[in-house]
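Here are some notes to read alongside the model.

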Amino acid sequence: MLGLSAVSERYRKRRDGQPLLNRLEVSDSTLRWIFMLPSIAVLAFISIFPLVRAVWMSLHDWNLTSGKGAFVGFGNYARLLNDPEFFRFEFDPSQPLEFVLSGSVVHQAVYTGFSVTIQLVLGVALAMYLFSLSERWQPIFRTIFVLPMLVTPIATALMWRLMIDGSIGVLNFMLEAVGIAPPAWTSSPVMAMVTVIMVSVWQWTPLVILIVFAGLLSIPESRYEAARVDGAPRWAIFRHVTLPGIKYMIAIALVFRLMRSFRAFPIIETITSHGPGTSTQIMNIQLYRTVFVGTGDAGLGAALGIVLIVLTVGICMSIVRRVGMMQ
Amino acid sequence: MDVPRKTDVGFWILSTRMAPPLAILIPLVGFYFTVGIGQGLVGLTVTHLLITLPLIIWIVKGFIDELPDSLEESAMVDGCNRIQALRTVVFPLVAPGVAAAAFIAFIFSWNNYVLALYLTTGASSTLPIAVSNSVGTYSIQWGQLGAAVIVTILPPIVLSLLIRNYLVAGMTMGAVKG
């Protein structure tokens, strides 16, 4: 009969030929820290440290190059709220139709609201079209649909700027060829916003298509059959079979589109350079211009950054928690 | 393996990916100037970890979660210790996922414009900055610009076509298995 010592002796011999890493006996509790420490440490340096420091900076008069100034408490936040570039609302009760509502918060809301809504609706529609295609065409169309998303955003922006150029733009040429007077793409505030939203839809609808298409594939065929056997009309099949099946995917697409629309930068800055005036300046661009262009008012910029972080993380995380992305 | 407050740590890692990078950049730039690296590739590389690390953690987590625990357990019953089980059983099985995560992170890092816009100057410019700088105010060399754009967009497109089966999982940080 083999004793315990003999077993452990053989066990050790087998281990001796192994590389050092395999012979190490580390307890689980130590190992979990060894595994987690590098990434946690790096993440702490690039997320907790800057966050705390940003709060600290936002409470001071702070210049990017010359450094810390006087403590101003919530002065930077007060300045931000009174800044017409951040939020401006002028309303005269005697003329209720002529009001001024602008500022980066308003532009952000318009940009995010319209672009994300259009992307979701268009994305779901195109994903369903893709799903209805035959086996032969599906992979081809899938690749075509996905391509815009893979193009570097700055390249997208330059490409569109070339296409809508007033003198050599191919889009204007095509519109004129079919007898439509081409609009002045970037010279009026409303049209500039429309252009920016259009390009953003072109670039990011593919992400929604991809996600929703994955959801459509996961709906079992038997549910459609059951609905058809019961004689359900097509809209009822969509409403009661398809939509519940892709609800989670739509929420995920919403989270990732929201997240990115809050940090949109290259497309807007290249196509309209946040203009005309500041009419397409969203919060992220205001932040960049406050801190990294001109005098370098890092205190005000940090305050704006905190507002932006709270907004983005707050909205996205509440959706993530609700749909249970963690499970 | 049980990690204390696993869900909270997961949420925290996810939220670091959600925070707009520019807001994080302000304090980091102040720090870079304090320690004397200022604008340049060193600072840019460290800052890009903010883009890539949470992404990779979440994508690979998705793949590891899919592996049954019993695989690792049976390896340990057969005499592996924890590290050995990870190296010889778990890692080879999630290797495609790790590769996909690396490619996705590469694409995001490659395409990034905002961070490089301030952190690099002149000779250290990354490709997106160089492409956008080639557009002058009065004259644009469309031929050169077109060539530069193609060079910029080609690597991400080729890589994405290579990993197209993992693209959805990658883009959604593992929330959707495509």
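1. A word on strands to begin with: two strands pair if DSSP finds at least two bridges between them. Helices (H or I, at least four residues) and strands (E, at least two) are DSSP runs, numbered from the N terminus. In chain A, A:Trp62 has A:Lys68 of E2(A) as its bridge partner.

2. Please keep the ground rules in mind. This is a predicted model, in which local features need pLDDT of at least 70 and side-chain atom pairs count only at pLDDT 80 or more, while totals for chains, interfaces and linings use all residues. Residues are numbered from 1 along each chain as its sequence is written, chains are lettered from A and ligands numbered from 1 in the order in which they are written, and side-chain values use heavy atoms, with hydrogens and water left out.

3. Back to the strands. E1(A) pairs with strand E2 (residues 67-71) of chain A in the antiparallel sense, over 3 bridges, and 3 residues lie between the two in a hairpin. Strand E1 (residues 60-63) has A:His60 and A:Trp62 on its covered face, with A:Asp61 and A:Asn63 on the uncovered one.

4. Next, the nonpolar cores (sets of buried Ala, Val, Leu, Ile, Met, Phe, Trp, Tyr and Cys residues joined through side-chain atoms within 4.5 Å; buried means under 20% relative accessible area, exposed over 50%, partly exposed in between, with a 1.4 Å probe and protein chains only). The largest has 120 residues, and those touching the most other members are A:Tyr111, A:Met149, A:Phe292, B:Met18, B:Leu22 and B:Leu167. H9(A) gives the largest share of this core, 14 residues. Apart from it lies another core of 9 residues, including A:Ala157 and A:Ile267.

5. Which residues does B:Leu22 contact, leaving aside its neighbours within four places in sequence? With contact meaning heavy atoms within 4.5 Å, they are A:Phe265, A:Asn284, A:Leu287, A:Tyr288, A:Phe292 and B:Val114.

6. On a 1 Å grid over the protein atoms alone, a cavity is a set of points where a 1.4 Å probe fits but cannot get out, and a pocket is an open set with protein on both sides within 12 Å along at least five of seven lines; lining residues have an atom within 4 Å of a point. Grid points are joined across faces, edges and corners, and a volume is the space filled by probe spheres set on the points. The largest cavity has a volume of about 460 Å³. Its lining has 26 residues, and closest to the centre are A:Pro153, A:Trp204, A:Arg260, A:Arg263 and A:Pro266.

7. The second largest cavity has a volume of about 80 Å³. Residues from both chains line it, among them A:Trp204, A:Arg260, B:Arg17 and B:Phe108. H11(A) supplies the largest share of this lining, 3 residues.

8. The second largest pocket holds about 330 Å³ of space. Among its lining residues are A:Met128, A:Phe131, A:Tyr224 and A:Phe238. Here H11(A) gives the largest share, 4 residues.

9. Lastly, is B:Leu41 buried, partly exposed or exposed? B:Leu41 is partly exposed, because its relative accessible area is 45%. This residue is found in helix H3 (residues 41-66) of chain B. Leaving aside neighbours within four places in sequence, B:Leu41 is in contact with B:Thr120 and B:Ser124.
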